[in-house]
Amino acid sequence: MNKNMRKILVGIGCLLLFVQIQAQMDTTYVKTTHLFSVKGNESLYLDHYTALEKVDGEKTPCLIFVFGGAFARGSRDVPKYMPYFNYLVKNGYTVVSIDYRLGLKEASQQKGLSEEQFARAFIHAVDIAVEDLFDATRFVLEHAEEWNIDPQQIIANGSSAGAVTVLQAEHAISNGTYDVANKLPAGFNYAGIISFAGAIFVPQGEVTWAKAPCPVMMLHGDADLQVPYDRLVFGDMGFYGAKSIAETLATSNYPYYFYQFVDYGHEIASDPMQDNKEDVLWFLHTLVRDQKPYQIYKEQKEIGRPERNKNFDFQDYVKGNFDR
C-alpha cells in the first residue's frame, strides 16, 4: 500500500469516527424497555424514550407510537424511526414505542382466501391491535407519575397499520366500542391523534362520532395502494381513509389537520417522519396543547410529478399489501 493510499484510508477512518461521534452527540434521549402485557405466549414490550437532561418536577406530554407493516410485520424499534423520536424528545416530548400482536401474519401467507375470509381476519387484526394499544396506554398512565408524564397530554401516533390502529382507537373511544370502559380510565381520551396513511374500518355503516373526538392530524397520499385514501366499501363494510374522515370531522365541526399529497402513494406512511416533523410539532403545540379549534386542509402537489392511478378495488389493496 503506498503512502497516498494510507492517507486516504486514514482520512476516511477519521471522517467515519467524526460522523459516529456527531450522531451520538445529537442523540438526546435515554431508552428503557418494559413489558406491558402478556397475551397467550406473546410478550409485548414498549420502549420509553425520555430526555437525557430533565427538569425536576416538569410534566411532559407523551407520544405513543404504533409501527406499520400491514398487521403482518414490523417492529417498534426500526432504525428509521429513531431520528423522529429524537426530534420529539428534543422538543419536550416523551416517546413510547409499542409492540402489538400481528393479527395478519398468518393470513397474509395463505393463498386462496375469499374476500369474506380475509375481511374477517383483517377485522380481528385491527381489534387486537387496538386492544394492545389500550393496554400500553393504561401502562403509561400507571407510570405517569414516575415518568413525569402529563396524563392529560397523551397523543397516539401511527404509521400505516399503526395509523389504522390509532384512528380506530379514537373512533372506539368516541363510540364506546372495543370494551373501552374495561381498558382505560373513565372519561379518558387521547389529547391528539396523528395518522401517517391510516384509515378507519367500519363493519357496518360509515364513520360517525357519538361524542367529540380529540384533534386529529392525517397525512395521506391520494394514490395510496396499501391504505385507502378515500373509501373502500364492500357489502356492509367500509374502510375509510383520511379524505372521508376529514369530511365527517368537518361536517360535525370538530378540529382536524388534513394534509393531502397529490399523486403520492404509501410512502406517506414514513416520509413525514423526516419531511413533515415541523408540521407535526405545530399540530401538537397548536391544536393539542393550546386547543385551538382549527380545521386545516393542506395540499402538496409537485409540479411535473406523473399522475398515478387512484382507482383501486379490494383485491388491489390486498395485493398491494401482501403481493397475493
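Leaving out residues up to four places away in sequence, Leu284 touches Leu63, Leu88, Tyr93, Ile155, Ile194 and Arg289, where contact means heavy atoms within 4.5 Å. The model is predicted, so local features need pLDDT of at least 70 and side-chain atom pairs count only at pLDDT 80 or more, while totals for chains, interfaces and linings use all residues. Residues are numbered from 1 along each chain as its sequence is written, and side-chain values use heavy atoms, with hydrogens and water left out.

Leu284 is also one of the residues that touch the most other members of the largest nonpolar core, which has 98 residues. A nonpolar core is a set of buried Ala, Val, Leu, Ile, Met, Phe, Trp, Tyr and Cys residues joined through side-chain atoms within 4.5 Å. Buried means under 20% relative accessible area, exposed over 50%, and partly exposed in between (1.4 Å probe, protein chains only). In soluble globular proteins, nonpolar side chains tend to be buried together.

## Helices H2 and H7

Helix H2 (residues 82-90) packs against helix H7 (residues 277-289) at an angle of about 40°, and their axes are 11 Å apart. This angle makes H2 oblique to H7; angles under 35 degrees count as roughly parallel, over 145 as roughly antiparallel, 65 to 115 as roughly perpendicular and the rest as oblique. Axes are lines fitted to C-alpha atoms, for helices over the stretch in contact, and angles run from 0 to 180 degrees between N-to-C directions.

On the H2 side, the residues that meet H7 are Tyr84, Tyr87 and Leu88. Their partners in H7 are Lys277, Glu278, Val280, Leu281 and Leu284.

## Strand S11

In strand S11 (residues 256-261), 6 of 6 residues are buried. Tyr256, Phe258 and Gln260 lie on one side, and Tyr257, Tyr259 and Phe261 on the other. Helices (H or I, at least four residues) and strands (E, at least two) are DSSP runs, numbered from the N terminus.

S11 pairs in the parallel sense with strand S8 (residues 216-221) over 6 bridges, and His220 stands opposite Gln260. Strand S12 (residues 295-300) also runs parallel to S11, joined by 6 bridges, with Tyr297 opposite Phe258. Two strands pair if DSSP finds at least two bridges between them.

## Gln168

Gln168 is found in helix H4 (residues 161-175) and is buried, with a relative accessible area of 3%. Beyond its neighbours within four places in sequence, Gln168 is in contact with Val126, Val130, Tyr178, Ala199, Ile200 and Phe201.
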